[in-house]
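Hi everyone, thanks for coming. Please have a look at the model on the screen, and then I'll walk you through it.

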Amino acid sequence: MDEKENNVGQEIDNNYEPPAKRFIKLKPFSLVMLIFGLVLTTAAVTFFALTTGEDKVVEVVSPQNPTIERKEFKKLFDAYDELKKTYFNEIDDTTVIDGAINGMIDALGDPFSDYLNEKEAKQLNESISSSFEGIGAEIQELNGYINIVSPIKNSPAERAGLLPNDLIIAVDGKSIQGMSSSEAVLLIRGEKGTTVTLTVRRGELGEPFDVLIERDVIPIETVYAEMLEDKIAHIRITSFSEHTYEELLSALDEMEAQGMEGLIVDVRQNPGGMLNTAIDISDLFVEKNKNLFQYQAKGSNPEVYVASNGRKVKVPVAMIIDDGSASASEILAGALKESANVPLIGIKTYGKGTVQTPKNLSDGSNLKLTTAKWLTPDGNWIHEKGIEPDIEVQYPTYAMLPFLDPTMEMREGMISPSVKTAEEMLSAVGFDPGEVDGLYDENTEEAVKSLQRELSLEEDGILIGDTTYGLMNRLRTKMHDEDPQLLKAREILVDTIQK
């Protein structure tokens, strides 16, 4: 039709090109599709220019699309590929990847951040349940060794004489130097009735010694209450667990029913626990609207937590602290010291001013990372400094003596550091061993015979087995009955009540 119209009334010229051939004719649908294609092409070119090459503008990260790699992990992937390609033994992928994650955490230089594989994470969950099986001690990595923060009250670790700041050198003869705390836990824990031998060093210059411990069920009972003379209640909090607040309320009810006129709060050798529990307990002792503590997350200003108008302890209070009082214990100590004018008695606390948050990963493993720091009510950060007591009362020297191995036989003529420890123990509990010089002489033998006589044991003068256990039990009883920090706290409260 068009050609006929163009040729009407005209002569045909061979050099003439009809105008219709100078245009591309498209139907509307085809035109729309062409425009859409051009837009997509332009977008693709722009994306490529921005995200590739040395001068790329943006880095695209898609967790949902593992094919898009993050530039900072290229070296890690290259190293992994090289391992798989050239290492002469088979590579366990899970072990290698766990090691890489552990390496990232270790590079932080933070002893409180940790990576737990699936097995270790399961044990962590068990430790915050109603009970678990093991020796009962809070530990942490310190300078390549495992440091005891605090033994749990009435645990095998406490009965064996382990103390805060003891360093565990080996477990069952295997060195644990360089291990993470979670790796060490796997070696130390075990079923009830089984035994584990810890090689321990006490003090920088102390000689390592072995401690044989029988594992047991470790109940998570965290509050212990007793009424002392003069209607002074003594409540010991051993950790800040899920049910500690409720346990404390029950203990306070019990002590109030017995006529409590003063209260000693004891957090010695309490390694801490849950932040919310520490806040709830602090609230019992601080007036409404006064500061409890401050919480500072990454990149944020401190958030101040203040006391509520809830239940309050209305009798005079004193608090006992030591170098095993850490984290949540220090939150409570800071609140009582700065917002409630409660005197602190004992020795400087551990000094942990950070908060850790566990994050479960998809395979059941766990990242426990430091996510914030906390400050005292007045804004002091006590990390690696600790909280100083108002009244310093040191432990007696005999409280720091190392554990004696009951399977080790000591008799006349023997010379060793263990003999010197035994002589110091005998002297502390009232049996004169003569000169404390590490020599098991006649005087030492007579002192042991006197001890055996009081224990109704065979008087052979040899220190082993039941005699050794009896000696250490006598020392433990003396430490309980003549606790200088507890006695000082009671004295202060009695004076306050009388005034």
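**A walk through the sheet and its helices**

Let me start with a pair of strands: β11 (residues 232-237) and β12 (residues 262-266) run parallel to each other and are joined by 5 bridges. Within that pair, H234 has I264 of β12 as its bridge partner. A word on terms: strands count as paired if DSSP finds at least two bridges between them, and helices (H or I, at least four residues) and strands (E, at least two) are DSSP runs numbered from the N terminus.

Before going on, some housekeeping: this is a predicted model, where local features need pLDDT of at least 70 and side-chain atom pairs count only at pLDDT 80 or more, while totals for chains, interfaces and linings use all residues. Residues are numbered from 1 along each chain as its sequence is written, and side-chain values use heavy atoms, with hydrogens and water left out.

Now zoom out to the whole sheet. It is open, has 6 strands in the order β10-β11-β12-β15-β16-β19, and its pairing is mixed. At the edges sit β10 (223-227) and β19 (391-392), each pairing on one side only.

So what about β15? It runs parallel to β12, with 4 bridges between them, and D266 stands opposite I320 of β15. With β16 it is again parallel, joined by 3 bridges, and here I321 stands opposite G346. To get from β15 to β16 the chain passes through helix α10 (residues 328-339), in a right-handed β-α-β crossover; right-handed means that, with the strands pointing away from the viewer, the path from the first strand over the helix to the second runs clockwise.

Is β15 enclosed or open to the outside? It is largely enclosed by the rest of the structure, because 5 of its 5 residues are buried (under 20% relative accessible area; exposed is over 50%, partly exposed in between, with a 1.4 Å probe and protein chains only). V317, M319 and I321 point one way, A318 and I320 the other, and all are buried.

Next, the helices on the sheet. Helix α8 (residues 244-257) lies across β10, β11 and β12, at about 10° to β10. Helix α14 (residues 484-498) lies across β11, β12, β15, β16 and β19, at about 155° to β12. Axes here are lines fitted to C-alpha atoms, for helices over the stretch in contact, and angles run from 0 to 180 degrees between N-to-C directions.

One residue I'd like you to find is T277, in helix α9 (residues 275-283). T277 is buried, at 6% relative accessible area. Its side chain reaches the backbone oxygen of S241 at 3.0 Å, a polar contact (N or O atoms within 3.5 Å; within protein, one must be able to donate a hydrogen and the other to accept it, and residues adjacent in sequence count only if both atoms are side-chain atoms). Neighbours within four places in sequence aside, T277 is in contact (heavy atoms within 4.5 Å) with F240, S241, T244 and Y245.

Last stop: α12 (residues 442-454) and α13 (residues 466-481) pack at about 85°, with axes 10 Å apart. They are therefore roughly perpendicular (65 to 115 degrees; under 35 is roughly parallel, over 145 roughly antiparallel, the rest oblique). V448, L451, Q452 and E454 of α12 meet T467, L471 and R474 of α13.

Overall, the protein chain has 14 helices and 19 strands, and 39% of its 499 residues are buried.
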